Structures are given as C-alpha cells and as structure tokens.
Amino acid sequence: MKTLGKLLTSEGKTEILRVLVYQSEPVGLRQAARLARIHPHSAEVALSALVGAGLVKYRRSPHRARYELVRNHEDVAVLEAVFQAATNCFIAAQRRTLDERARQLLPFIKQAVTMIARARESHHVA
C-alpha cells in the first residue's frame, strides 16, 4: 500500500480520485474534469498519472476515452474512507447553511412535483 502523501500529491489527482470513488460507471475526461472542478488539462495529467500507478483503468472506445477506478486496488479502501470522512466533516461544519438551503428549496420542489403531476394527468401519462 502506498502512503496517502504519494496518492494525493496534487489537488488535481486528489479531486479526480474523489470523483472516481463516487462514480459507479466509467467517465470521460471532460466529465471527470467538470465534476472535479479542475481544468481538463489538469484532469488529463492527473488521470495519466493515476493510470500509470494502476489506480485507474483507461478504456478507449471508438467515440471516446473512459476512465474508472480499479475497485480491487489495495489503496481504494483507504481512499474511500478518507473521502467519506472528509465529506462527513464538511457536512457537519456546514450543517446550518445546508439546512437553511434545504428549507429554501423544499417549497420549490413541492411545487414542481405538483406541476408535473398535473401535467401528467392532463396528458394521461402514467
């Protein structure tokens, strides 16, 4: 097993790993960059390094390249635990803000659900 320092040597690699840990399907380069909120070139460099380290699989199809985490790699369990702990800490620290945002969004969601139900009824859609 590698040390966390070697796995998380850059912001790009760290954010790409975080994205891939939470993806159940392979993702393309631009999608990974967008989800990681980094520049596509930074994502490309990070993914190349992670493929070289054996943590990420690269598959080329006729239309595009796809990347996915090697789930049975010995370091993945540690990465999953680290990212889950970081997420839990973020949620705990931002709980008040997130709760307020949820309270603001709930009326909109209820209204949207009602509008969709009415539209389905008027068009006889199940």
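This report describes a helix pair, the salt bridges and a nonpolar surface patch in a predicted model.

## Basis of the model

Local features need pLDDT of at least 70 and side-chain atom pairs count only at pLDDT 80 or more, whereas totals for chains, interfaces and linings use all residues. Residues are numbered from 1 along each chain as its sequence is written, and side-chain values use heavy atoms, with hydrogens and water left out.

## Helices α2 and α5

The axes (lines fitted to C-alpha atoms over the stretch in contact, with angles from 0 to 180 degrees between N-to-C directions) of helix α2, residues 11-21, and helix α5, residues 76-93, come within 10 Å and cross at roughly 95 degrees. Therefore α2 is roughly perpendicular to α5, a term that covers 65 to 115 degrees. In this pair, T14, L17, R18 and V21 of α2 meet L79, E80, F83 and A86 of α5, contact being heavy atoms within 4.5 Å.

## Salt bridges

Four salt bridges are counted, each requiring a side-chain nitrogen of Lys or Arg within 4 Å of a carboxyl oxygen of Asp or Glu. Among them, R18 pairs with E15 at 3.3 Å, N to O, and both residues lie in α2, three residues apart.

R59 and E68 also form a salt bridge, with their closest N and O atoms 2.5 Å apart; E68 is buried at 17% relative accessible area, while R59 is partly exposed at 45% (buried is under 20%, exposed over 50%, partly exposed in between, with a 1.4 Å probe and protein chains only).

## Nonpolar patch

L105, L106, F108, I109 and V113 form a nonpolar surface patch with about 460 Å² of accessible area together (Shrake-Rupley method, 1.4 Å probe, only the protein chains shown counting as cover). Patch residues have over 30% relative accessible area and no salt bridge, with like charges joined within 9 Å and nonpolar side chains (Val, Leu, Ile, Met, Phe, Trp, Tyr) within 5 Å. V113 lies in helix α6, residues 95-122, helices being DSSP runs (H or I) of at least four residues, numbered from the N terminus.

Key: Helix = DSSP H or I, 4+ residues; strand = E, 2+ residues; numbered from the N terminus. Parallel < 35°, antiparallel > 145°, perpendicular 65-115°, else oblique.
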